[in-house]
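Welcome to this short tour. Have your viewer ready and follow each stop in turn.

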Amino acid sequence: MSKHIALVATLVTALSAPAFAASTLTLYTSQPNEDAQMTVSAFEKAHPDIEVKWIRDGTTKLTARLQAELAAGGAAPDVLLIADSVTMESLKQQDLLAAYKSPEASRYDAQLYDPQGYYYGTKLITTGIAWHTKAPVKPTSWQDLLKPELKNMTTLPSPLYSGAAQIHMATLINDPQLGFAWYQKLKANGAMPQSGNGAVMSAITSGSKAYGVLVDYMAIREKAKGAPIDFVFPKEGVSIVTEPVAMMKNAKNKAAAKAFIDFVLSDAGQRLVLKQGYLPADPTLPAPAGFPARDSIKLMPFDPAKALAETDANKKRFADLFGSR
């Protein structure tokens with residue numbers, strides 16, 4: 001009997017272990033560690049035959065690592081889940097991505113994914129206006145930051161350091177009602193840049209600045225913790241960072257990469273985004289706690305290819321105006 005039990009146990013182990021590791025997917029992601037682990041765990045639960053090996057770092061460092069690996073002829077990931085569409089557009093133009101028409105994309109706004117299927121936005125991280133709760137004016141418009149009574153009270157992240165700030169600048173300067181003239185007027189009204197969004201938030205919560213251009217979730221999460229900060233989605237609209245997903249052209253496990261893309265775009269994947277506290281890319285889902293009604297948030301048009309082509313020129317215009325700080 002004991003031999004029979006041992007044989008059964010051995011068979012169960014033999015059958016279960018390989019079944020849960022039939023193939024391996026390599027993922028490079030810029031998601032925060034906790035979010036990345038949630039995403040990977042949920043995917044592996046939905047696809048128990050696929051084991052995900054993932055590396056997490058900032059988008060700039062990940063793309064530098066990727067370029068170095070490719071130049072050396074080394075291993076590369078199967079799939080990327082990184083911060084912004086401009087980086088993905090650059091990789092697409094370098095012929096490093098593979099097109100894949102995900103069946104899940106039909107629910108999405110066309111500006112959230114590449115028309116040929118090279119990358120797909122998975123969430124919406126918008127940039128709006130944050131302010132200290134004791135600030136004298138509650139803004140509702142980008143134009144409010146130009147008011148004389150807000151002289152020297154505003155800060156903003158620099159596109160020389162922040163990818164979200166680069167996208168924000170590219171979005172606003174292509175808006176006919178704002179344009180680069182808005183930045184010039186903002187500078188004339190005493191606005192001073194910080195390095196990135198974290199520094200902007202610190203300046204507002206500390207009271208050193210009353211207003212700031214800031215990504216949504218930072219302000220909303222800090223407000224929920226009791227910090228003296230509030231946030232508005234301006235009536236003209238907001239810029240968006242979409243955290244796109246894409247398959248590498250030389251992916252070793254293309255089937256698993258396609259499954260991962262489908263998963264993060266699926267209802268289950270998008271509900272995970274909602275649980276993590278971000279605005280899902282799927283327009284059929286609600287906004288997370290602390291956000292206004294989804295239909296009250298206006299998304300400004302954005303062209304990743306145009307933004308990529310204008311990146312250096314935009315950075316120079318910003319540095320010439322505000323300095324290289």
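**Stop one: the aromatic rings**

This structure, a predicted model, holds 11 aromatic pairs. To see some of the rings involved, select Trp-142, Phe-180, Trp-182, Tyr-183, Phe-318 and Phe-322: ring pairs join these residues into a cluster.

**Stop two: helix 10**

Now select residues 267-275, which make up helix 10. Which residues of this helix are buried? They are Gly-269, Gln-270, Leu-272, Val-273 and Leu-274. To find what these buried residues pack against, show helix 2 (33-46), strand 6 (123-132), helix 9 (254-265) and strand 13 (279-280).

Move on to Gln-276, in the loop that runs between helix 10 and strand 13. Is Gln-276 buried or exposed? Its relative accessible area is 8%, and buried means under 20%, so Gln-276 counts as buried. Next, show the residues in contact with Gln-276, leaving aside neighbours within four places in sequence: Gln-31, Asp-35, Met-38, Thr-39, Lys-123 and Arg-221.

Then click on Gly-277, which follows helix 10 and has a positive phi, near 95 degrees.

Notes. Residues are numbered from 1 along each chain as its sequence is written. This is a predicted model: local features need pLDDT of at least 70, side-chain atom pairs count only at pLDDT 80 or more; totals for chains, interfaces and linings use all residues. Side-chain values use heavy atoms; hydrogens and water are left out. Buried means under 20% relative accessible area, exposed over 50%, partly exposed in between (1.4 Å probe, protein chains only). Helices (H or I, at least four residues) and strands (E, at least two) are DSSP runs, numbered from the N terminus. Contact means heavy atoms within 4.5 Å. Rings of Phe, Tyr and Trp (its six-membered ring) pair if their centres lie within 6.5 Å; planes under 30 degrees apart count as stacked, over 60 as edge-to-face and the rest as tilted.
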